[in-house]
Amino acid sequence: VSAAALVALSGAASAQPQKMRPGLWEHTVSIKSQSGQMEAAMAQLQKSLASMPPAQRKQMEQMLAQQGVGMGPTGQTIKVCITPEQANLDTIAPQEGCVQNVKRTGSNTVAMAFSCKGDSDQPPTSGEGTMTFSGPTAYAGNFKVKTMSNGKPEQIDMAQSGKWLAAECGAIKPVK
């Protein structure tokens with residue numbers, strides 16, 4: 001999954017006016033691609049991490065953690081700092097090159113669509129899905145994402161969940 005898609009999706013969570021608690025959030029994303037290439041690439045990355053000498057692996061994991069990123073057997077996690085202003089907005093500014101459309105479809109559910117132009121590092125990506133909040137500190141959602149992989153169209157099914165961790169974000173900077 002492109003970084004743009006993950007940021008666009010994690011940005012959707014902060015699109016909830018009066019629904020999200022400001023502070024540090026952890027988003028967990030699991031993916032299933034039609035071709036299986038995404039899962040194979042993640043498995044290879046995890047295998048590479050596991051084969052590193054312990055000191056090098058720890059350094060790599062710490063570097064990722066400083067950016068709020070974690071990788072586990074069931075998916076990737078990203079920690080995001082949501083400001084009080086972002087928690088109160090209907091939408092937040094999407095990542096450069098991306099647009100998003102978020103609509104409330106119920107008292108605790110939103111539908112979201114996004115599109116990212118792509119660049120030399122990332123292919124164009126678009127997607128849509130829904131998120132359901134179970135109060136101000138947790139949500140779950142499902143998305144269908146369309147992108148390109150090795151020059152071929154690829155559809156990725158994503159399950160995403162989020163949980164509020166703390167009022168203070170520590171070293172994690174707010175999404176801009």
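This is a predicted model: local features need pLDDT of at least 70, side-chain atom pairs count only at pLDDT 80 or more; totals for chains, interfaces and linings use all residues.

Reader: In which pattern do they follow along the sequence?

Author: Read along the sequence, the pattern of the protein chain is α-β-α-α-β-β-α-β-β-β-β-β. As for contacts with a separation of 6 or more, 60% of them are between residues 24 or more positions apart.

Reader: And what share of the 176 residues is buried?

Author: Buried residues come to 35% of the chain. The accessible surface is about 9700 Å², and carbon and sulfur atoms hold 55% of that surface.

Reader: Switching to disulfides, how many does the structure hold?

Author: There are two disulfides, and with bonded cysteines counted along the chain they follow the pattern 1-4, 2-3. One joins Cys81 to Cys169, with an S to S distance of 2.1 Å; the other joins Cys98 to Cys116, also with S to S at 2.1 Å.

Reader: Which parts does the Cys98 and Cys116 pair tie together?

Author: Cys98 lies in strand β4 and Cys116 in strand β5, so that pair links parts 18 residues apart in sequence. The torsion about its S-S bond is 110°, and the link is right-handed. Cys98 is buried at 8% relative accessibility, and Cys116 is buried at 4%.

Reader: What about the handedness of the Cys81 and Cys169 disulfide?

Author: Its torsion about the S-S bond is about 80°, so this disulfide is right-handed. Because Cys81 sits in strand β3 and Cys169 in the segment after β8, the pair ties together parts that are 88 residues apart in sequence. Cys81 counts as buried at 7% relative accessibility, and Cys169 counts as buried at 12%.

Reader: Now the largest nonpolar core: which residues touch the most other members?

Author: Of its 20 residues, those are Ile82, Met131, Phe143, Val145 and Met158. At least two residues of this core come from each of β1, β3, β4, β5, β6, β7 and β8, and the largest share, four residues, is supplied by β5.

Reader: Is β1 mostly enclosed or open, and why?

Author: Eight of the 11 residues of β1 are buried, so the strand is largely enclosed by the rest of the structure. β1 pairs with β8 in the antiparallel sense over 10 bridges.

Reader: Which residue of β8 is the bridge partner of Trp25?

Author: The partner of Trp25 in β8 is Trp164.

Terms used
Residues are numbered from 1 along each chain as its sequence is written. Side-chain values use heavy atoms; hydrogens and water are left out. A nonpolar core is a set of buried Ala, Val, Leu, Ile, Met, Phe, Trp, Tyr and Cys residues joined through side-chain atoms within 4.5 Å. Buried means under 20% relative accessible area, exposed over 50%, partly exposed in between (1.4 Å probe, protein chains only). Two strands pair if DSSP finds at least two bridges between them. Contact means heavy atoms within 4.5 Å. Accessible areas come from the Shrake-Rupley method with a 1.4 Å probe; for residues, only the protein chains shown count as cover. A disulfide is a pair of cysteine sulfur atoms within 2.5 Å.
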